[in-house]
Amino acid sequence: MTHTSNTAMAEPRDESLPWADEDAKRPVKVSIRHLYKIFGDDPKAALEKVREGMGKPELLEAENHVLGLSDINVDIRDGEITVIMGLSGSGKSTLIRHLNRLIEPTAGEILFNGDDILNWNEGQLRELRRKNMSMVFQKFALLPHRTVTENAAMALHTRGFARSEYEEEATRWLDRVGLGGYGEQYPHQLSGGMQQRVGIARALASNSEIMLMDEAFSALDPLIRTDMQDLLLELQAELHKTVVFITHDLDEALKLADHLVILKDGAVVQQGEPQHILLNPNDPYIEDFVADINRARVLRVRSVMTRGKPSGEDFAGDVDQNENLESVIARAEGAMDKRYRVTRDGKPVGTLDMKAIMKALVPRKVEG
Amino acid sequence: MATYDGLFDALGLRAWCDQGADSGPMSMADLLAKTKGDKAAEISAWDLPFPSLDALHKACSAIPQSRDLTQGLETGFLGIRDALRVVIDPLSQPLSWMLQDMLWLMTQTPWWIVMPVLFAITWFVTRSWKIVGFIAVMLGLLAFVDHYHEAMQTLAIIFVCAFVCVLLGVPIGIAMSRNDKLQRFVIPILDMLQTLPPFVYLIPLIFLFSVTEPKLYGIAIILYAIVPVVRLTDLGIRLVDKDVIEAADAFGMTNRQKLFGVQIPLALPNIMAGVNQTIMMSLAMVVIASLVSAPGLGVLVLRGIRNLELGVGLVAGFGIVVLAIALDRVTKASLARIDASQASR
């Protein structure tokens, strides 16, 4: 975690302090503006009702239209992993398919580098899908009649490269995701986890700056899922792609997200820096969500420390701001009365009271 | 007097009914009725005839009889026959040539060339020595009882007809799979082709073409046998995994790339199953087509029926069974080979 989004952080910042620069916003790559999607025979008419304030259940009851997405506004920043989380039926898979227009919206804008892709013609859209956005699917969706290498090179092959031209590139990415030597196999000969590695290699080999990952790891068993998450973070540290990741798993979301968007019934409930959402849930729905999380493992020192130049001498030691609370508790051996000096790249940036840790471990209730 | 006289009187249509009456000769039934007197008019409710064309005609001669319908169809068909011929004749002429050439090729080439070529084709599509051996035994058996010539004629007809079925049927199936409206329009036609008794195809065809022309039976066989390959191509392409199609879209494939790179290869097992069924159905039709001069084993079956030659009929019948088994094994084995190399499911 090298940077955070400060949009959701309420407290004022002292720009002169060393941590200020890490919060510099990256440029927006894709911007979703007032996006609506309504499924049914006459979505335009239903849209008016929704804009007048009709909710999802009433719309289904009265108009027999399904409100898929309602007034979505999300900025997807360059080089960040934006995780969209929600339970099934919350519209997250519908949302990600709007980004490359596999689904047409009812209303709204999708700005790619500032240009509304909804005005693009078929040819422009095809170029976008071939060169700028690649996709990884929950059910892998590999071509069963093509070899692993041919699958990995699907984007390049589609662009018209011959085998001799794409083979090296495809093999390089297969090696990178740990599938060296499997190039001549067929997808059905591989396990689920390996098939998804092919899916990731396929997305990477297209050399697109944006990767859309639709519940990419949901079909895998837990251990392999953890492996794949680590692989993704490792690749991300190296490649700095703009990743949009869909999941229904909060642990996965918290592990991967730079920016977390929580969807419920087709609307954004809360979005922001994941640590912030965890500490300041603004909705009982999110509270329920975060209640079962191992907070000590997810929360990091920087989220609970007291910012400002450390004063006094009674520190039990130094901790890095990106350590999680679990490791600090382990170091304190459970003692409640210790204070630590928090450092970032070796420089002191704040103080951490063990009491603050204990307070942070108890989920906060939303008032009212 | 007829049963429905009262009806027309009540409706005031009597004058219209009698307009052209009594111009034709009296029918036998009418004469009989006359000799019996007017008793026939007192019909009880139990015997009330259905108000069919014939029954109504008795009461009102302005209404046509049912036989006018069949006659009308016939004269109508004869009326458009020449126009139809102008269109269909040149279109179907290549079929005649193909059938003639194939028959000539397979019967005139010596057996010691034809049989090895057939074995080679079998090996090429199945890659299985077991199947090649099986085909060798089957063909050897037929040749041994002197049915080689007829078997080759039947095979030649089936090869040509199945080839034309695939040539026309696969594109029709693909078009259907991409267009719901076309599918709704074509499926009833396929249903009709499949359920219409095969003899019925022959009747209009006999009117259209001379019985000496091979295309007469060629068209009959193709109409009957094309159904499964169309249906299964349509089905096969529609059954291709939606996720894979979505991936193809997401990576920016054009419709053409999607069709040839994804849909057809993944639908191939289903299409091949359709080809297998098409071959089997053309084999079934080839017997019926012998009524209109299709050569081959069917002719012998027909002779068996006509002359009550039990042995001739049975041997030829078993010959057809042997051919059917052989063709089925070969197409199934090649289907399995496609399936295995793709292992899509």
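Predicted model: local features only at pLDDT ≥ 70, side-chain atom pairs only at ≥ 80, totals over all residues.
Mentor: Two residues are in contact when heavy atoms of theirs lie within 4.5 Å.

Trainee: How many residues of chain A and of chain B are in contact with each other?

Mentor: On the chain A side 26 residues take part, and they meet 20 residues of chain B.

Trainee: How is the size of an interface often given?

Mentor: It is often stated as the accessible area that is lost when the parts come together. Here chains A and B bury about 1,900 Å² between them, and 65% of that lies on carbon and sulfur atoms. Within chain A, the residues that lose the most area to chain B are Pro144(A), His145(A) and Thr158(A); together they account for 26% of what that side buries.

Trainee: Which elements give two or more residues to the side of chain A that touches chain B?

Mentor: They are helix H4 (122-132), strand E6 (133-136), helix H6 (154-158) and helix H8 (192-205) of chain A. H6(A) gives the most, with four residues. By type, the residues on this side of chain A divide into 12 nonpolar, seven polar and seven charged.

Trainee: Let us turn to chain B. Which residues of helix H12 of chain B are buried?

Mentor: In H12(B), residues 242-250, the buried ones are Val244(B), Ile245(B), Glu246(B), Ala247(B), Ala248(B) and Ala250(B). The cover over these buried residues includes helix H3 (92-99), H4, E6, H6 and H8 of chain A, together with helix H13 (255-288) of chain B.

Trainee: How should I read the two ends of a helix, and what lies at the start of H12(B)?

Mentor: At the start, a side-chain oxygen of Asp241(B) reaches to within 3.1 Å of the backbone nitrogen of Asp243(B). After the helix comes Gly252(B), whose phi is positive, near 75 degrees.

Trainee: Is Ser92(B) buried or exposed?

Mentor: The cut-off for buried is under 20% relative accessible area. Ser92(B) has 8%, so this residue is buried. Ser92(B) belongs to helix H5 (residues 66-108) of chain B. Not counting residues up to four places away in sequence, Ser92(B) touches Phe209(B), Lys215(B) and Ile219(B).

Trainee: How is chain B divided into domains?

Mentor: Domain 1 covers 5-64 and domain 2 covers 73-343. Their centres, taken over C-alpha atoms, are separated by 52 Å.

Trainee: Finally, where does His65(A) lie, and which backbone nitrogens does its side chain approach?

Mentor: His65(A) sits in the loop between helix H2 (56-63) and strand E2 (66-77) of chain A. His65(A) counts as buried because its relative accessibility is 7%. Its side chain reaches the backbone nitrogen of Asp41(A) at 3.2 Å, while a polar atom of that side chain lies 2.8 Å from the backbone nitrogen of Asp42(A). Beyond its neighbours within four places in sequence, the contacts of His65(A) include Ile38(A), Phe39(A), Pro43(A) and Leu59(A).

How values were computed. Residues numbered from 1 in each chain as written. Chains lettered and ligands numbered in written order. Heavy atoms only, no water. Buried < 20%, exposed > 50% of the residue type's maximum accessible area, 1.4 Å probe, protein only. Domains from an automatic or database assignment. Buried area = accessible area lost by both parts, 1.4 Å probe. Nonpolar A, V, L, I, M, F, W, Y, C, P; charged D, E, K, R; others polar. Polar contact = N/O pair within 3.5 Å; in protein donor to acceptor, adjacent residues only side chain to side chain.
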